[in-house]
Amino acid sequence: MPSASCDTLLDDIEDIVSQQDSKPQDRHFSRKHIVPKARRRNTQKCLQEEDSPPSDSTIPGIQKIWIRTWGCSHNNSDGEYMAGQLAAYGYKITENASDADLWLLNSCTVKNPAEDHFRNSIKRAQEENKKIVLAGCVPQAQPRQDYLQGLSVIGVQQIDRVVEVVEETIKGHSVRLLGQKKDNGKRLGGAPLDLPKIRKNPLIEIISINTGCLNACTYCKTKHARGNLASYPIDELVDRAKQSFQEGVCEIWLTSEDTGAYGRDIGTDLPTLLWKLVEVIPEGAMLRLGMTNPPYILEHLEEMAKVLNHPRVYAFLHIPVQSASDAVLMAMKREYCVADFRRVVDFLKEKVPGITIATDIICGFPGETDQDFQETVKLVEEYKFPSLFINQFYPRPGTPAAKMEQVPAQVIGERQQVLVTEESFDSKFYVAHNRFYEQVLVPKNPTFMGKMVEVDIYESGKHFMKGQPVADAKVYTPSISKPLAKGEVSGLTAEFRSRRGGPLSSMSQRDSAGSRVGLRLRSLRQDGALTVSVGLALFALLLALFVKLYN
């Protein structure tokens with residue numbers, strides 16, 4: 001939260017950091033070369049200072065930071081880069097949120113539930129008086145939302161300056177850094193790829209080959225955050241891969257909003273990049289290609305099949321279809337038809353034996369009819385995709401699809417009453433159950449705990465379903481007393497106390513019982529000692545008789 005002394009919001013960190021000021025990295029370097037000078041210490045004065053430290057004694061670079069990332073592998077890579085830079089400067093990255101001085105929340109804007117978790121985390125951080133820095137696609141796409149006001153924000157293309165934003169936030173300032181990376185007016189792929197990084201999995205390196213895309217899908221909010229296509233040069237990507245292998249990485253994931261569109265803005269293409277990367281993959285290591293939309297892979301099918309057959313490249317490709325209805329695809333502005341998708345999948349299945357094709361489907365897009373939905377079902381039944389991601393449509397603010405006539409949620413999935421009673425093991429959801437005692441995960445809204453909530457089921461897993469609370473729905477509170485606090489003893493009624501003789505009587509009885517137990521234990525110990533003594537005496541007597549007989 002911003003300090004009281006900072007009443008105005010700064011649009012950019014340059015408003016308080018001038019070109020002549022030293023950067024955090026410079027100060028960190030200088031600290032390593034400072035030679036302490038011994039001097040006489042005034043003990044009395046030092047004791048007074050320790051008792052009353054100055055109010056402005058906060059020193060950036062020593063605090064604990066908790067980082068939470070939602071969303072895609074691109075977002076996870078950004079989170080790893082931010083963690084690496086902060087750790088390199090001296091901050092301690094902690095996995096304990098309660099122990100942290102500052103929370104860095106790296107958001108996803110694809111679906112409503114992801115933003116709900118982000119918003120709830122901000123609220124929790126404020127309740128716990130944590131310093132907050134926001135990152136990711138939510139604040140980048142819609143920075144003027146009410147719940148973001150007064151908080152520090154770092155944009156998706158500015159993650160190389162996270163240390164500066166965190167430093168100013170710790171000092172009590174609220175700063176925003178949302179600009180684009182450009183070179184001579186041309187938009188770049190983002191922050192440099194050679195920044196320090198802390199990998200969540202030391203064996204896997206996630207490399208973002210480009211940011212943004214060439215599409216304008218009517219449902220997509222990510223486009224508002226990541227923008228148009230901007231690709232990294234091939235040599236920078238190859239250098240990053242080499243560095244990763246030298247650090248013990250054995251698997252590389254290539255990621256972006258659309259890997260198939262890579263290079264179209266810089267005069268190259270995806271197959272060219274892949275062949276360059278294959279050259280530097282050591283024996284025993286593997287490369288995994290990320291999501292590609294059908295339009296930009298069609299013209300490279302021959303080369304893509306060759307690459308996917310390479311022994312050091314996984315025979316895997318994620319190609320979202322979203323719907324098998326051309327009418328729905330047109331409303332989505334997906335720029336391909338179902339026949340295009342079939343052509344891609346059929347060709348790769350023929351040329352790359354055993355290939356795994358993963359795909360996505362959006363259910364309940366505005367205007368989707370039962371016939372449209374059945375066409376999608378038939379496609380799934382025909383191809384039997386081994387990896388299939390099914391999601392309910394969510395109207396994201398500011399997108400064209402949000403203004404279209406919506407399909408009622410109850411047509412998509414069931415609307416259920418669920419009772420919320422627990423927190424999930426990973427602490428990301430509350431756990432509820434419907435009347436069939438099926439597990440339903442709901443957002444962590446503290447007002448839901450112990451209540452009956454109406455939700456729309458939007459996703460299912462092997463042992464659970466996920467429910468989104470219905471807008472403006474009633475939250476039913478059981479017509480019983482307020483539950484006891486955790487750890488509080490139940491059953492201590494007035495009748496119980498009187499029957500047991502009250503608290504003091506009960507204590508006396510416990511003390512008396514304890515005394516009896518103690519006496520019994522002492523008696524047992526004494527009996528045991530006596531038995532041992534008798535045994536030793538008999539042994540000594542037998543030994544003496546034995547010696548006498550043989551002498």
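## The largest cavity

The largest cavity in this structure, which is a predicted model, has a volume of about 140 Å³. The structure holds three cavities of 30 Å³ or more, and the lining of the largest cavity is made up of 21 residues. Of these lining residues, His-74, Asp-78, Ile-159, Ser-208 and Tyr-232 lie nearest the centre of the cavity. Sorted by class, the lining consists of nine nonpolar, seven polar and five charged residues.

Two elements, helix α3 (73-89) and strand β9 (204-208), each contribute at least two residues to the lining of the largest cavity.

Three strands, in the order β9-β12-β13, form an open sheet with parallel pairing. At its edges stand β9 and β13 (286-289), each of which pairs on one side only. On average, neighbouring strands of this sheet are turned by 20 degrees against each other, if direction is ignored.

Between β9 and strand β12 (residues 251-255), the parallel pairing extends over five bridges. Ser-208, one of the residues nearest the centre of the largest cavity, stands opposite Thr-255 in β12. Helix α8 (residues 234-246) lies across both β9 and β12, and runs at about 170 degrees to β9.

Leu-195 is found in the loop between β8 (186-187) and β9. Is this residue buried or exposed? Because its relative accessibility is 14%, and a residue counts as buried when this value is under 20%, Leu-195 is classed as buried.

If residues up to four places away in sequence are not counted, Leu-195 touches Tyr-81, Gln-85, Asp-160 and Arg-240.

The largest share, five residues, is supplied by α4. By class, the lining of the second largest pocket divides into 16 nonpolar, eight polar and eight charged residues.

## Another parallel sheet

Three strands also form an open sheet in the order β14-β15-β16, and here the pairing is parallel. The edges of this sheet are taken by β14 (316-318) and β16 (387-392), and because each of them has a single partner strand, one side of each is left without a neighbour in the sheet. Neighbouring strands here are turned by 15 degrees against each other on average, with direction ignored.

Strands β14 and β15 (residues 356-363) run parallel and are joined by three bridges. Within this sheet, His-318 stands opposite Ala-358 in β15.

## The chain as a whole

The chain contains 16 helices and 22 strands, and 45% of its 551 residues count as buried. When contacts with a separation of 6 or more are considered, 72% of them are between residues 24 or more positions apart.

Methods:
Residues are numbered from 1 along each chain as its sequence is written. This is a predicted model: local features need pLDDT of at least 70, side-chain atom pairs count only at pLDDT 80 or more; totals for chains, interfaces and linings use all residues. Side-chain values use heavy atoms; hydrogens and water are left out. On a 1 Å grid over the protein atoms alone, a cavity is a set of points where a 1.4 Å probe fits but cannot get out, and a pocket is an open set with protein on both sides within 12 Å along at least five of seven lines; lining residues have an atom within 4 Å of a point. Grid points are joined across faces, edges and corners, and a volume is the space filled by probe spheres set on the points. Helices (H or I, at least four residues) and strands (E, at least two) are DSSP runs, numbered from the N terminus. Ala, Val, Leu, Ile, Met, Phe, Trp, Tyr, Cys and Pro count as nonpolar, Asp, Glu, Lys and Arg as charged, and the others, Gly among them, as polar. Two strands pair if DSSP finds at least two bridges between them. Axes are lines fitted to C-alpha atoms, for helices over the stretch in contact, and angles run from 0 to 180 degrees between N-to-C directions. Contact means heavy atoms within 4.5 Å. Buried means under 20% relative accessible area, exposed over 50%, partly exposed in between (1.4 Å probe, protein chains only).
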